[in-house]
Amino acid sequence: MALTALEIYKLLPKTNCKECGFPTCLAFAMQIAAGKAGIDQCPPASDEARETLGAASAPPLPKVVVGTGERAVILGDEVVLYRHEKTFYHPTAFAISVSDALDGDAFRDRIRRIRSLSFERMGERLAVDMVAVRCDSGDPARFAAAAAAAKEGAGTPLLLSGPCDALAAALPSLGPDRPLLCPPVGEGDAGARLAAPLGLPLVVRAKGIDGLEKALAAARAAGVRDLVADPMPASLPDAVSLSVYLRRLAILHRAREVAVPTAFDLGNGFPSPFAAASLLVTKYGSLLVLDSDDPADIFPLLTLRQNIFTDPQKPIQVEAGIYPVGKATASSPVVITTNFSLTFFTVRSDIEASRVPAHLLIADCDGMSVLTAWAAGRFTGESIAKILSESGIAGAVSHRTLILPGMVARLSGKIEELSGWRVLVGPQESSALPSYLRRLPPAAFAPADA
Amino acid sequence: MTVANPQQTFPGRIMEVTLPAGEGGRSVSVGGQTALPLLPEGERPNAAAIGIEIRTGDEDLPPSLSHAFGGKGTDPAVLAGNLVEESGAQFLFLSLAGCHPDLGGHAVSRGAGIVRDVLQAVPCPAIVGGCGEEETDALLFPAVAEAAQRPVFLSYADEKNYRLVAGAALAYGHGVVAWSPIDINMAKQANLLLGDIGVPPHRVLIDPLTGGLGYGLEYTYSIVERIRLAGLSGDAALARPILCHLGDSWKAREALDSAEESWGDVIARGRRWEEATAWACLAAGADLLVCRHPDNVRTLRGMVGAPWR
Amino acid sequence: MPEPKPGTLRFLPEDVSLSVAPGETILRHAIRAGVPLLSPCGGEGRCGKCRVIISGEAAGGDDPGVLSEAELSAGVRLACRCHPSSGTLTVTVPPGSRPARLAAYLEGRDAAGDEPFLPLHAATGGRRPLGVALDLGTSTLAGALIDLSDGHLIARAAADNPQMPFGEDLISRIVYGEEHEGGFALLRQLLVAGVEQVIAALLGSGPAEGEIVEVTAAGNTVITHILFGASPAPIRHPPYQPVLREYPVRTGEELGSLAAPSAPWRLFPSLGGFVGGDIVAGVLASGMHREDGVCLLFDVGTNGEVALGNREFLMVCSSSAGPAFEGGEVACGMRAYPGAIESVRIDPETLSAEWTVIGGGKPLGICGSGILDLCAEMFRTGLIDRAGQFVPRSGAPFAETARGRAFVVAGAERSATGSAICFAAPDLKSVLRTKAALCAAADSLLTAVGLPRDAVERVYIAGGFGNFLDLRSALSLGVFPPFPLEKYVPLGNASLAGAIGAIRSRRRWREALSIAAGTTYHDLSSDAGFMEAFQRALFIPHTDEESYRKVLASRGGR
């Protein structure tokens, strides 16, 4: 079990020497407990402390890197079973398959479709991570050429899936790109002999946890360091339970024998691949291979992945900007608040409840609530005046009247002085907005020049 | 196997709740389990239940749904009958959105009349939802409670209106859906408040507010997971079945927009948007799902059955 | 009395006149004229406490949301939003709008002050060496006079912090200082004047023929910076660090005080921007830094700090609990002055409130202990539910007010202000937020170090409020975490007690320095679990009601 901050503190010198960069030994201990610092930052630490804390901080699930450079994919390296306990670090990777049996145009078209599976959401690019090249032709030379073409066309790291002679044919040119090798079940040993000397990552395929334990041991014995396990589920329920059990063994039981990232081939006729992929994004699949290149399938899955792999401890923010609520027009009131999402959702729903259409103006305050942002100097007369002039709200409404949260009524003078807008002090609590908005005379929002 | 046994046991058990059916219908029970979802461990007497939502009022249907509903009727009772039969939904979620001043402004009596008609036409268990407008709902729930000629669940009671909704439910023998805004503590508080005024625990479902895919689903995911872990660990006020209403997944621009061709066919995409939301909720621990797309009801129904009991 | 000249503003009943400064509010004029006027929100039109009655020409301050029709037509205005015009204006400050005479909330226990006194100064020429220990609070300045030849305490005294018109909270005062030329200098001047008032009261209160030879002062970081002459502004900007943590010894003269010009002033060191020397002094007085068992210390003041630890470690945080337990943020709230309702009982049959008033007579408002009593009684009689909402039981004295539904504690005919004393829904929310912040801060500290709640052996309650607290009533609301009643120890004004301890003993002063050096500050704003702990504790008594039920079922405690 992980040590508490106080237990760690008791192992430290307790001199508050600050050499670690933290003000006190206890503060340092809390950082170690949170996994944000290591005992190596404490020069005076005793050998006992180093030994105890070093062992406790080793990651329970090793990291495997596929590919190189900017588009390298990291599998594994997770520390918790539930995202609320900390966060999930490395998103489930998606690989879309391409068959080496496709002829030239069809192959290129397939790669083009895979490459276009890329979507912009919430300021983030969501895209397929890998291409899985399947050897269906049985021809090593054709496979090698297809793999090279896939690499060239898609630009992503590759999963190479095929018999070892085909893999061997592809490696001379692709080995330096660090592909993930995936030999068939019977060829595990040969695959290990291919991967080991080149230091390449290898998918070990075997039925169930028992089978994997043996196969992983064999691959380790052959010298492969970066291992990924495919437990070869027969059905959707089987896939979910195997994935959950492998992760529990790694995190809860520290079972090093089977603590490796997982890969699931949801193509090749696997039943209900969309359902399986959805469930395995939430339940610990490290790499999923899909045959579908339909954006109607892939976009929802990538969005689900974006959701699940968001850090739950980051302050929840919404984007700054103008949010019309109801059928807001040029003469609708303008209400301002901060971009803490709870604040935003509360204020928006209270405006909705008023049934008075309004423009909700959201200020970027690092996800702080109104009072916190004000206290921290992020929600000030100056910053609000700046938003009034730069957000485009002046073009969206014909009046110049702003409704300010009652908590920061004191900013009204400064805002009026700097922006020329008139400020109405709104209620202290958002819950009073409905009655406040309903009582406002429409004359308050007459055009500025009237 | 030389590695440890990865199965987990918990001291708690989720309360079993039965949604009663009308004459000729099949009641549905949820809860009763001692284990996390989708795993072959512990006791799991009931599979997750899949229901379908019918909404009254003037709302534009998402393209995917108008495609699915085509020719199935517009009268709520007819539409409900057709969709339930076709999809195999185990329960009906009837939302009286039409009573909202902006969505039709139906009189309360009309809302109550629709409830009576639909419940007569469709014998499966039912949950009746208000219109979401506080003042209207305050009148609507008592009228619905009276109009429903058989026990249903009223959706929903929150921290503000729980006395009214639970009062109406208690007077006519209905159950209550206890709603809270993606917050495990408020979920527990809602159940405690309902307990304080005498609603029996086997007549309460937790609605943790389900964010749609891409729009807050992750918060719901973690809250459902935590509510379930807390319930199984012995927190009785949280050991209740969880209902996830997937309606918000139909508000996502990605589920509605037909202009973005690179996003794929909007009819297929909209359906998938709801389906992905559904699977995430099931993985987290939901016991009841409310879908709008009949094909999703059928898909989910077919898959969450026997192997995942 | 002659008619005042045009352009003159006259305050009654003081009968102080001054010429009108264009653009300034009546409140600003009152500050300049030295007329005491309540304005806990810092003059931003939030609290509605600076009601004055005007006769003459003025503009503004007629906010209909705050003032009733009747008040408006009677000439009542908000001084902070009302501007005199060029004519003459007479402003009457009614009793409800002035800070009442300060009652003593000074008693504090020094739980660790057990050693024999070693004289540091000898009496010379019949003049006794005197020490002044000060607690510089956000709202109150308190002091004690000690005979340093034998260590005995001669007198205690207190005064309102004269900075109060610049905001009940510290941030408002920083903002004032930042936005006004010479603002911090003015705040310092006011503070020193308040301190001198306290010292004068101390010297005048006993037969103390002597000379002040030493001063110790414990205050929060902002106040201490202002007194020292350092800018507190960096505290509210990233990276939120104070300019100083330790303050070199200065003479009174160097600090601008003529009350003890040549005496060395020792200012208690600060731990961080929002955790200051007052909590260091509180820890010192509690003695928790010497104990084997783990202790918690709640300093329930205007801000509310929580400390956790023992002789092995110490950790503190600022809970940002509001001042509701001091009567702040509650419309009818006031501090524990004469005229404040200090305890409340609600008849379960009639549902009407009975109360006792400090000093007797009709009430002006409710102080912290009265507010807690009121809430506990409303909860007990089913007038509020566990979510903190009023339950409209028939016969209960609820009224609809401008601030929403309110419980009428005292009708207009029974109150000294002439208008009803009402406790409205937002007031209840303030109380719940304050108590939730305290509980959540304690939970967050325990979680941060990884200790379970039952590892805590003693719980100290510092702050004048603790002396008057009905612990059972407080725990029935969940004001503190559910520790067994016998673990709670009230300390009273521990900050002053710590300052006294440090002036009586050099060793204690060194302890204070080492407490400050070795204490870990825990920043709750970056503690991901805090908001959730806060939400848990907003419920009455708490979402974890089971633990409270167990504690309240036992027979322990005082």
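**Close-up 1. The contact between chain A and chain C in this predicted model.** In this view, 23 residues of chain A are in contact with 25 residues of chain C, where contact means heavy atoms within 4.5 Å. The size of an interface is often given as the accessible area lost when the parts come together. Here the buried area (accessible area, found with a 1.4 Å probe, that two parts lose on being put together, summed over both) is about 2,000 Å², and carbon and sulfur atoms give 55% of it. On the side of chain A, the residues that lose the most area to chain C are Leu6(A), Met30(A) and Arg410(A), which together account for 25% of what that side buries.

**Close-up 2. A salt bridge between Lys10(A) and Glu312(C).** The side chains of these two residues, Lys10(A) and Glu312(C), meet at 4.0 Å, N to O. A salt bridge is a side-chain nitrogen of Lys or Arg within 4 Å of a carboxyl oxygen of Asp or Glu, and the count between chain A and chain C is two.

**Close-up 3. The packing of helices α4 and α5 of chain A.** Helix α4 (residues 104-115) and helix α5 (residues 140-154), both DSSP runs of H or I with at least four residues, pack in chain A at an angle of about 40°, with their axes 9 Å apart. The axes are lines fitted to C-alpha atoms over the stretch in contact, and angles run from 0 to 180 degrees between N-to-C directions.

**Notes.** Residues are numbered from 1 along each chain as its sequence is written, and chains are lettered from A in the order in which they are written. Local features of this predicted model need pLDDT of at least 70, side-chain atom pairs count only at pLDDT 80 or more, totals for chains, interfaces and linings use all residues, and side-chain values use heavy atoms, without hydrogens and water.

Conventions. Helices (H or I, at least four residues) and strands (E, at least two) are DSSP runs, numbered from the N terminus.
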